[in-house]
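Keep the sequence beside the coordinates as you read.

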Amino acid sequence: MSSQAPAHEDAHEAHHGHSHGHQAGHGTFRSYMAGFVLSVILTAIPFWLVMAGVFESPTLTAVLVMGLGAIQIVVHMVFFLHMNPRSEGGWTMMALIFTIVIVAIALSGSLWVMHHLNTNMMPMSPEMMKNMP
């Protein structure tokens, strides 16, 4: 007998845990609440950092906000999308790793673009601003 799941596997069997090789993660009320609380905290902290002006350095604030944003994406993927190394034969973990790589590329690219726009497009001194049309 093959350990592979049949191509025509019954949805009822897959939903009730009688699947042949495809264990989908199911969340509990407790795990959803933990994810929700973490999401609220990971949203409130960056808001507070920016609105209260906690750090003198805007660069440090931006790095912390982006880091907390990346952590929040992972929290959503683990608590709400149920990504773990056991589910779906490890493919959800591969999706998590892929997402982390894409988010890192997007965040670093965004910072790079914003830095260069600020450096190349903003005036350097008040005298330069006076000469603007």
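Helices (H or I, at least four residues) and strands (E, at least two) are DSSP runs, numbered from the N terminus. By that assignment, residues 93–114 are 100% helix and 0% strand, with end C-alpha atoms 31 Å apart. This is a predicted model, in which local features need pLDDT of at least 70, side-chain atom pairs count only at pLDDT 80 or more, and totals for chains, interfaces and linings use all residues. Residues are numbered from 1 along each chain as its sequence is written, and side-chain values use heavy atoms, leaving out hydrogens and water.

Start with confidence. pLDDT is the predictor's confidence in each residue, from 0 to 100. The chain has a mean of 80, and 80% of its residues reach 70 or more. Helix α1 (residues 11–15) is lowest, at a mean of 50. Helix α2 (residues 29–51) is highest, at 94. Where pLDDT is low, the predicted coordinates should not be read in detail.

Now the annotation. An unreviewed UniProt entry marks residues 32–55, 61–81 and 93–114 as "transmembrane region". Its positions are given in the numbering used here, feature names are shortened, and annotations may be inferred rather than shown by experiment. Residues 32–55 are 83% helix and 0% strand, and their end C-alpha atoms lie 33 Å apart.

Which helix holds Gln 72? Gln 72 sits in α3 (residues 58–79). At 16% relative accessibility, Gln 72 is buried. Beyond neighbours within four places in sequence, Gln 72 is in contact (heavy atoms within 4.5 Å) with Ser 39, Leu 42 and Thr 43. Its side chain reaches the backbone oxygen of Ser 39 at 3.1 Å. The side chain of Gln 72 also meets that of Thr 43 at 3.0 Å, in a polar contact.

A polar contact is a pair of N or O atoms within 3.5 Å; within protein, one must be able to donate a hydrogen and the other to accept it, and residues adjacent in sequence count only if both atoms are side-chain atoms.

Technical notes. Buried means under 20% relative accessible area, exposed over 50%, partly exposed in between (1.4 Å probe, protein chains only).
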